[in-house]
Amino acid sequence: MNKRLTARPWKNVFIGLTLLFLYLPVVVIIIFSFNTSKMNILFEGFTTKWYGLVFHNYQIMAALKNSILVGVISTALATVIGTTGAVAMSKYQFPGKKTLDKVLYIPIVIPEVVLGISLLLIYSLVGIPLSLFSLILAHVTFCIPFVVLTVRSRLVGIDQTLEEAALDLGANPWQAFSQVVLPLLLPGIISGAGFSFALSLDDVIISFFTTGPASTTFPLLVYALVKTGVTPEINAISTLLMLVIVIGIALNAIHQVRKMKQEG
Amino acid sequence: MSEHESVADPQPAVQLHKHTVHLGTRMIKWLQIFPISLWMLLLVVVPMLYVFFMSFMSRNYYGGIVYHFTLQNFAQVFAASNLQIYLHSFWIGILTTVICLLISYPFAFFIAQKGPVAKTILMALVVVPSVSNSLVRLFGWLTLLRKTGVVNTLLERLGLIHHPLTLVYNNGGIVLGMVYLLLMFMILPIFNALDRIDHNLIEAAEDLGASKFQIFKELILPLTEPGIVAGCIMVFIPSLGYFFVSDVMGGGTQNMMGNLIENQFQVSRNWPLGCAISVMLILLTILLLVIYQRRGGDMDELGGY
């Protein structure tokens, strides 16, 4: 904002303390993933054994596999459906468009527990068994609106005469879309997809109601374990997962910073 | 625009090209609209309507649903024992929202004053922990704060305390967990609102002799109000439904609205009552959103945009 209101040390202290609050439990998890003791009480010695053991823990690996599978499939479906939907809604007028626009906000604003039980009800009414399939249906449902929002915010900045120009120059509608609009939309689509994957991977509440005992996810496994005690193996695999996510976000941030520097 | 009008007038909203709308492009149009519309209809609209329907149904002794109209569930919704749970939930929710706001506003304010590179990095730092597993992070807090946790063990070994302090597994633990998980949803809209403020406005106000306090009160605060309201909605509403937070951080003894609904679908098996409570939550959400929109709030802001 204003140059004359530039940062003073205490402002940075406040920023630092808030970030400390956000990172404190994360740091605890990372530290205890290297702890020799199985009890998460005090740090007793350094080891990396949990990082090896976790890959032989059938329960954790099965839950993680389910989470990643559901995350990948849901993200792919939500990204395709959300992107085509966002493009169509910006381009065309059609009956029910205003209603669709309102409905898209429901999964964003409604408490997750309500969305979860509503899906459980409909599954039991139609006779869809609680499984990975029902879980994917649920995850796609809460991911689509976030994809639409990200893609839409990107669409606003795109000059719509570009597509028109491509069509006038003889491109067919698919060529005009895939070669002109899509490349411009890509950053929005990618962040929408990233957002979806993160949401899916971390979802507790909606998964709680829409999956069966044979298809438990990683967050639900941790939920079950938190009451009896989380093992250092969970800390280890969480640290690895965080590492992957941090790399993803860092690459994105570096890309943005570079672009800013290029643009001056 | 009413649906009737849009049927009668199939002109594209934005005239992308003036070619005649032949069968092919028409089909492409419907292929784009159909999947999202159908998905939202079958997995959002129909389920929500079914929740309303179910909230008026009865159940038999074994927890099965009997399709017989009743208002009994809503009578139970307002039973004295349940009212206490709502009050408790609202109190926790309000406390969570206020604490989030008190942290987020200065935090976003100070970051918004930084250069573009620092802004990008700091905001990325806010998002990083929030995309890792919520329950694992809550367990991180438990590791620190429970009776046999790091803090209590250290204090005891240092001889500062003789009995472990109750730092979690109470209302304080629930609020801590809620604030921790929801803080980002307050920071993002407030930061976006602050970041959008035109520098020239502030400079103009300064040139006209406004004090820093006046600039904040008369200019910055009103301009960021939609962001504040969006943040409050996106913290308060989820806090009512986050049953796993009160379950884990409150040690399962403190009942909240989310737990009450969850119970009807797990332990008690009273789906119609669970639906009736959900209907109350939906109505509350709609009420808050109507107020938000009446005051000029942008719905996209709620998704963090």
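These questions and answers concern a predicted model and its chains A and B.

Student: How many residues does each chain bring to the contact between chain A and chain B?
Tutor: Two residues count as in contact if their C-beta atoms lie within 7 Å. With that cut-off, both chains contribute, and the counts are 87 residues from chain A and 90 residues from chain B.

Student: Which element of chain A gives the most to the side that touches chain B?
Tutor: That side divides into 64 nonpolar, 15 polar and 8 charged residues. One element gives the most, with 12 residues. This element spans residues 9-32 of chain A and is helix α1.

Student: Why is chain B described as more spread out than a compact globule?
Tutor: Chain B has 14 helices and 2 strands. For its 305 residues the globule rule gives 19 Å. The radius of gyration is well over that, so chain B is more spread out than a compact globule: the value is 25 Å.

Student: What share of the residues of chain B count as buried?
Tutor: Buried here needs 20 or more other C-beta atoms within 10 Å of the residue's own. The C-alpha trace of chain B spans about 85 × 70 × 35 Å along its principal axes. Of the 305 residues of chain B, the buried share is 40%.

Student: How far apart are the end C-alpha atoms of residues 233-254 of chain A?
Tutor: UniProt, in an unreviewed entry, lists residues 233-254 of chain A among the spans with the feature "transmembrane region". In the model, this span is 100% helix and 0% strand. Its end C-alpha atoms are apart by 31 Å.

Notes:
Residues are numbered from 1 along each chain as its sequence is written. Chains are lettered from A and ligands numbered from 1 in the order in which they are written. This is a predicted model: local features need pLDDT of at least 70, side-chain atom pairs count only at pLDDT 80 or more; totals for chains, interfaces and linings use all residues. Helices (H or I, at least four residues) and strands (E, at least two) are DSSP runs, numbered from the N terminus. Ala, Val, Leu, Ile, Met, Phe, Trp, Tyr, Cys and Pro count as nonpolar, Asp, Glu, Lys and Arg as charged, and the others, Gly among them, as polar. The radius of gyration is taken over C-alpha atoms; the globule rule is 2.2 Å times the number of residues to the power 0.38. A residue is buried if 20 or more other C-beta atoms lie within 10 Å of its own, exposed if 12 or fewer, and partly exposed in between; C-beta atoms are placed from the backbone. UniProt positions are given in the numbering used here, feature names are shortened, and annotations may be inferred rather than shown by experiment.
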